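I am opening my notebook on a structure that is new to me, and you are welcome to read along. Here is what I looked up, entry by entry.

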Amino acid sequence: MCNVPLGTCIPPRLNPWFDKSQLAFSSDSEQEEDENKNSLKWSAQNRILLKGGKVVNHDRMFDADVYIEDGYIKQLGKDLVIPGGTRTIDATGKMVMPGGIDTHTHMELPFGGTVAVDDFYHGTRAALAGGTTMIMDFVLDGKGVLPLDAYNKWMDKAGAKVCCDFSFHMGLTWWNDKVKEELPILCKEKGINSFKVFMAYKDLFMLRDDEILDVLKTCKSLGAIVQVHAENGDVIDENCKKLLALGITGPEGHLMARPEEVEEEATHRAIMLADQVNCPLYVVHVMCKGAADAVRRARMRGAVVFGEPIAASLGTDGTHYFNKCWRHAAGHVMAPPLKDATTPEYLLNLLANGDLECTGTDNCTFNADQKALGKDDFTKIPNGVNGVEDRMSVIWEKGVHSGKMDPCRYVAVTSTNAAKIFNIYPRKGHIAVGSDADVLVWDPTATRTISAATHHQKVDFNIFEGMECHGVPLIVISQGRVVLEDGQLHATRGVGRFIPTPCYSQYVYNRIQTRDVSRAPQKVDREAYDGPVIEIKMEDKKGMQLAENPITMNRDSMFQARRAQPGGRNLHESGFSISGSQIDDQKITKSSGQRISQPPGGRSSGNLW
C-alpha cells in the first residue's frame, strides 16, 4: 500500500519539491508558445466525465463511468450525480485505463561527450502523446559527484521542463563512506527509494562485488530497492580490445563484445549477492533469454527479484547491427545490446505469465551526428534508443493483439506493477476513487504506423520504424487535464510534479521481512565436546617446531622452513623459465654443443636424448 494517503496530492504551490521557475512558460519556438497557450485553455476545464467505457484495472474489467475533478478521480460507477459545467467525453466501445508509467528513462543524459537530444520537455511531451503519464528518470552523474549534489542538479534540469509527473531513481556510480552517508537523506527527505548500481562500464560507472554487497546491505536497512545494470564489465572490456585489434570497428562489434553470457552471468551474480543479504533486487532492461531465465529461476525459489524488459527488447532485435547502413546499425546501439530475432517473443511470454514484472524503455536518444562520434570505433557510439512515445502501443501490439496477454495483464505491466514496486499505488496505476486522474481512453481497434517522420520525440531516428500497431490512446488525461485529443497534443512545459517514492513498499518488503524471519540462521544447542583432542606437532629439518598447520600457516614461515642449503638452488624463490634457463645460469659455465647419451633414467636403445 502506498504510504501517501489518497486524495492528498500536494498542489504545486505547496509542494516542497516544486521549483517556482516551473510557473514560467519558456519556449524554444513559436510552436511551443502556441502549444502552451492551448494548454492553458485546456487546463481551465477541471471537471470531466468519461461515459460509457469499460474500465480496465490490473485485476478486473467492468463497465463504469469515471468522473474527474480537480485532478482526482472523484466518482466511479453507473448513474453518477454530476455537477453542472462538467465536460462529457463519450467512451462507448473504448477502454478506460490508468496512464502508463515508464520505469526507465534518461532524459538529457550526458554520455560520451554529448547529451541525449530528448530533454525533459521533449521527452515527457512525447511520453504523453503515447499514453505514458509518468516517467521515472535516473539521476546519473560521474564519479566524485555526491548523490545530493547530483539530485539537485537533476531536479534543476527537470523541474522547469517536465510536462507529466515524474520521479527519480539514484544511480550510484562510485561508493565510499561519504556516498553511503547521503542515502538516508535521499530516502527520508528527498523521496527516493531506489538506487542503481552498474556491473558494466568499467572505469566509468562499474562497482566491484564487495561495493555492491555494501550497497545492498545499506539499502536493505533503509527499506529501499537496489536496481542493477547486469553485464560483466571486465569481460566486455577485454572483448572490445580484441575486436578493435581485429579491425572490427562497426556497430556489429558492440553486439560481439557483449554476447548473451556476459548479461546472463552478471544477472545470476547480482541475484546471488542480493539473496545473501535478502535485499530486493530490480534487474533493469532485461535483454536476453539467459538473464530472463535467471530472474525466473530466482523467483521460483522465492527470491524477491523483479525483471524489467523494455520496449526495445520486446519490439525489435539485434539483427539490425549487421545492416549495411552504418547509421541504421548505430541507431540500435544500446547496452545491453539487442539480441537475436527469437528473443522478443521469449521475453513477451515471460512478461505475460508473470515471470517478468513491468516495462520501461531506457529511453536515451542521440541524433545521427552524435552517434557518428563512433564512426571509426564502436566503443565510442553513444548508447541509447527511443521508446518513451511508442512503448504503450508496441506492448499492446506484441502482447495483447497477439493474444499473449489480456488487457488486465497489459495494465499491470505498463502501469500498476511499477506503482506497487515503487510504492505509489493506488495513487498511480489504478482507476479508483481518490487516485490521481492520469487516465487513458484506449481504442484497441485503431491503428497507427510508427515513424520518425511523425513521432513527437526530438531524435531523428526510430528503432520501430514502419511497425503498424493496433491499439492507440484516443484521449490522454494527465493531472485531470486533457492533454491529447483528436490527435492534437496540448502539453505544457513545467507542469509536471515530482512524485516522492516512499521506502518500505509493502508489495516488496512484506516478503523481505517474512524471509528475514523464516531464513534466520539457527544455532544448534548441544553438549560441549569433552573428549580427547589430538596434538599436532611438526618439526623442520633444523628441529624448529611449527605451531601452525602447514595448510593454513603464513607464507613467511613456510618459506623460512624451506630455505635452501648453501650451494643449492632454491626453486621456490628463483625465477624459473619454461625454456629451461634459470635466473642464476650466468654463474654456470656452459658447454657448447654438448651431447647427452645417458639422460636421467638411463640409456634408451643407444639413441641420443
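I started with helix 4, residues 177-189, and helix 5: their axes come within 10 Å and cross at roughly 35°. I noted the crossing of helix 4 and helix 5 as right-handed. Then I looked up who meets whom. From helix 4 I wrote down Lys180, Leu183, Pro184, Cys187 and Lys188, which meet Asp214, Thr218, Cys219 and Leu222 of helix 5. Sorted by kind, the residues of this contact between helix 4 and helix 5 are five nonpolar, one polar and three charged. A reminder to myself: the model is predicted.

**Entry: the whole protein**

Next I stepped back to get my bearings. I found 17 helices and 20 strands in the protein. It has 609 residues, and 56% of them count as buried. The protein exposes about 27300 Å², and carbon and sulfur atoms supply 52% of that area. I also looked at how far along the chain the contacts reach. Among contacts in the protein with a separation of 6 or more, 76% are between residues 24 or more positions apart.

**Entry: a covered helix**

Helix 14 runs over residues 391-400, and I marked it as mostly covered, with nine of its ten residues buried. The buried residues of helix 14 include Arg391, Glu397 and Trp396. Met392, Ser393, Val394 and Ile395 are also on the buried list for helix 14, and so are Gly399 and Val400.

**Entry: one residue up close**

I picked Val295, which sits in helix 9. Is Val295 buried or exposed? Val295 is buried, because its relative accessible area is 0%, and the cut-off for buried is under 20%. Which residues is Val295 in contact with, leaving aside its neighbours within four places in sequence? My list has Thr267, Ile271 and Val283, then Val305, Phe306 and Gly307, and lastly Asp355 and Leu356.

**Entry: positive phi angles**

Asp203 is not a glycine, yet it has a positive phi of about 70°. I located Asp203 in the loop between strand 13 (194-198) and helix 5 (209-222). His285 is not a glycine either, and its phi is positive at about 30°. His285 lies in the loop between strand 15 (281-283) and helix 9 (289-300).

His285, at 2% relative accessibility, counts as buried.

**Entry: cis peptide bonds**

Last, I looked up cis peptide bonds. One runs from Ala335 to Pro336, with omega near -5°. Pro336 is found in the loop between helix 11 (326-330) and helix 12 (343-353). Another cis bond joins Tyr425 and Pro426, where omega is about 5°. Where does Pro426 lie? I found Pro426 in the loop between helix 15 (407-421) and strand 17 (439-449).

Terms used
Residues are numbered from 1 along each chain as its sequence is written. This is a predicted model: local features need pLDDT of at least 70, side-chain atom pairs count only at pLDDT 80 or more; totals for chains, interfaces and linings use all residues. Side-chain values use heavy atoms; hydrogens and water are left out. Helices (H or I, at least four residues) and strands (E, at least two) are DSSP runs, numbered from the N terminus. Buried means under 20% relative accessible area, exposed over 50%, partly exposed in between (1.4 Å probe, protein chains only). Contact means heavy atoms within 4.5 Å. Accessible areas come from the Shrake-Rupley method with a 1.4 Å probe; for residues, only the protein chains shown count as cover. Axes are lines fitted to C-alpha atoms, for helices over the stretch in contact, and angles run from 0 to 180 degrees between N-to-C directions. A crossing is left-handed if the near helix is turned anticlockwise from the far one by less than a right angle, and right-handed if clockwise. Ala, Val, Leu, Ile, Met, Phe, Trp, Tyr, Cys and Pro count as nonpolar, Asp, Glu, Lys and Arg as charged, and the others, Gly among them, as polar.
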